[in-house]
Amino acid sequence: MTRECAALLPGVCAALADPRQPGLDDTCLEKLLDWFRSLTWFDPTVELVQDNPCLPELITSVLALPDPSPSILSFTLQLAGILASSESRFQHLQEGKLLGRLFGQEGPRGGAAWEDASVRSAWLRGVHSMLHHQPALLFLCSTGAMDVIFTLQRDPSLFVASAASQLLVHVLTFSLESETSKALSAKDCDWPVCAQMIVKHIQESLQSSSASHVEQSLKLLSSLFGSCFGSCYAAWTEVLWLDIAKQIESFLLEETVQAQPVLASLLLNVARSPVFCGTEGSFWALVTSALEHLTPVQARPLAVGLLKLCKCPQDVRIQALTVLLQPMDCILRAASQPLECAGLLDESVSDPVAVESLLSSKTSCAGLLCQTLAHLEKLLSLKHLKVDLPCVPLLRSLMTILQFCNGSLSPASPLGSTISRNLINCFRVQKSALDVLAALSEKKDCDTLIGSLFDVLLAYLQSPNTSPTVLKKAFQATSKWLVHLQELSSSNSQQQQTEKILEGVFLVLQKRLCSPCWEVRDSSLEFLTAMVKCLRDQNEFRQCLLSSEVLRLTENLLEDPESYVRASAVTAVGHLALITCFAPESPATGSQYSKESIVAKLQEILSTDSEGFPRRAVISIFTEWLREGCTGRLEDAEQFVSRAIQTVEHDLDWEVRLGGLELVEVFCSQTICQLAQCPYAPVSSAVTSPTPQKELLQVFCRAKLFGFLFGSLCDCDKPVGQRACDVLVGLRGHFYPVSTLENPQEVEDSPAGRGIAWLQRTLRQGSLAQNFPSDGGDGVDFQDPESMMLALGAIDLLELHDELNKSSDHVEESPQSLLQDILATVGTIEDNEVDCY
């Protein structure tokens, strides 16, 4: 604790304990507690309490109040717990009998304040903070506090009940720490006193006639096995499980038990414990029973969790997959005549009637399918899934769902007709199914259905009934499958199929680019950009693109009234230019798509568009072009970058200015690569001849980079200053090895020294120097190579870097500032002493 804070603390404590003072804001009290947590975390000694007697005095004063406010009492309970977190401070507070008066029987738990949930919650948090040493554990067991925690576990306040459960997990885990070395196997385990009380409480609650008591204990068990207890205390985990396994099994078989969703969570957390990673034993039989007896909705999270486990037995994993896929199987079977389609599954784990019933209900059908599809999407994203998904029938099931949703499939079975009516125009299911469809494009064994799949996708892209959000998902899935289509082996028949599909896609795209709905135009442009990025090297794609009206329509959208669409059009045009203008065999040279006309249009948008989104898109495309080497020779790139940054440096949108700095960074990196011998690394003067160095500086000065970079250091938006500083630090690393920076005295005596000194002073003002003269000031010539070489070597860029990376609230958020604010709030210091932010 600093001397300044120690001087302010007594006044703060006195104000907190004074009932005449107005109540402090809860945020201030929480910040004060956070400060004490950090103090006690780094210093476990008793000096904090001994050197600041105002802290125990505060506790004593609050305890003496006949009717303390709930907020101050809550603060005091938590403060005492934090202070008592080390054994030495605990003993010191015990000597004053403060902890017993706070957390013992004579404490607030018997008074009127206890009716306030915040006080009960603070009592639990105080105990939790204190419980880091054995004396605190003994104190807990000897004061009847365990019974209080058991009672609070059933508190009507969910926050209090949750805090009590978390505390019980902590108590049990902590009480076993000293016993771990003694317990070599389940036979050797003998619960310590506190742990024994908790285990007995759990067992009694599980046998209770109260459903809520049973549910609370199951939640507690789930938290226990889900915490480090299940991983770090193998023998104890086994003992606890053996004590409760029979009771858990009976709950699974009793249909009247309301806590079955909690049972699924409990079993999954137990399954994650290394104790049960073997393939033998009764535990996995119980898991299998749960998959059979829980309802489809309850069993699904358990099944998904099991599929993600590395050490789950294979037969259990297959059973879990069967549970997950049952709704998809039901959809597939319902869509056709009996025996016409084999479906997804050979057999069901649980009664398929339950799934059919859920899908037949208007209220549950969409929810069940969305949940199933969300789980499937996550599983498909896993790199190491231990079970093979049946991709072909799964894809067929997804196509069936999408056809049900848009009414293009007439099912033959009564169940199929019911499901179809439930799903018609269901946007939620359409979006979820399209997400899974996109994820399936990564799989290699779905090629036989690719023609039918694109029929379904094109139907969605063409239909006027497809909502904009569903259309966006359909576009995303289509672009993924087009990439997959290009990866297939190129036989003549497949090339014909590819050309036919692409023709259909471009016909739809032309229509959608003219949509009256701006979201549709925007999604269409995003889809076009995604296709160009992935397929621009494919001949079929290029031919279909160039023979369509897409290029003209996209360019027209550069003048769209909606700024989002203009921005997407800029991005699309920029990527299309890689095909039409910048490619070596550019097919559109000399046409309206010439390099000069496209560059001119985008530069006009950068300088004149009234909205920030299109301007950001332009500077991003310019950077992309530079990376791709589209700007030609170094002289051309120099002019291109110079013109862009002279426009950007006056832009009111900080993200556009930030984009300009990224453009400069790429340009610097590429130029150094061309002119220097050792790119990407600091180069010593012994390695690099002076000629490339001088030429580099001349290029950068002609492009007017340094005025832009040094001016950006004073930008009022911090990310701009930070990026500019990063670029300048990188440049200095290239021009100056660390040991050869300029001598400040020599700089000051040089002809340009006065200007460099002015520049250093100006930069130290930070954003106060926003009107930074980019054309120089006090003799600084930003286009003079020698001056800029001197500036890079003399100005303390690392100090500036540290200043720019400091949090903006590093002063206001200091403990001293917090204490001053509290004192100001209660009116005990003068106005001019307040840190008013």
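This is a predicted model: local features need pLDDT of at least 70, side-chain atom pairs count only at pLDDT 80 or more; totals for chains, interfaces and linings use all residues.
Q: How many residues of helix H22 are buried, and which are they?

A: Burial is judged by relative accessible area, with buried meaning under 20%. In H22, 12 of its 16 residues are buried, and the helix is thus described as mostly covered. The buried residues include Leu394, Leu395, Leu398, Met399, Ile401, Leu402 and Phe404. Among the elements that cover them are helix H19 (314-334), helix H21 (362-381), helix H24 (427-440) and helix H26 (468-487).

Q: What span does H22 reach, and what is expected?

A: The expected figure rests on 1.5 Å a residue. Helix H22 covers residues 391-406 and reaches 23 Å from its first C-alpha to its last, close to the expected 22 Å. Just after H22, Gly407 takes a positive phi of about 75 degrees.

Q: Where is Leu713 found, and which residues does it touch?

A: Leu713 is found in the loop between helix H37 (705-712) and helix H38 (718-735). Its relative accessibility is 5%, so Leu713 counts as buried. Leaving aside residues up to four places away in sequence, Leu713 touches Gly721, Ala724, Cys725, Leu728, Leu763, Leu800 and Leu804. As for Ala724, the C-alpha atoms of Leu713 and Ala724 are 5.9 Å apart, while 11 residues separate the two in sequence.

Q: Why can charged side chains pair, and how many salt bridges does a search of the whole structure find?

A: Side chains of opposite charge can pair because their charged atoms can come close. The search of the whole structure finds 20 salt bridges. In one of them, the side chains of Asp651 and Arg615 meet at 2.7 Å, N to O. This pair links distant parts of the chain, 36 residues apart: Asp651 lies in the loop between helix H34 (634-648) and helix H35 (654-675), and Arg615 in helix H33.

Q: Are Asp651 and Arg615 buried or exposed?

A: Asp651 is buried, with a relative accessible area of 9%, and Arg615 is buried, also at 9%.

Notes: Residues are numbered from 1 along each chain as its sequence is written. Side-chain values use heavy atoms; hydrogens and water are left out. Helices (H or I, at least four residues) and strands (E, at least two) are DSSP runs, numbered from the N terminus. Buried means under 20% relative accessible area, exposed over 50%, partly exposed in between (1.4 Å probe, protein chains only). Contact means heavy atoms within 4.5 Å. The expected span of a helix is 1.5 Å times one less than its number of residues. A salt bridge is a side-chain nitrogen of Lys or Arg within 4 Å of a carboxyl oxygen of Asp or Glu.
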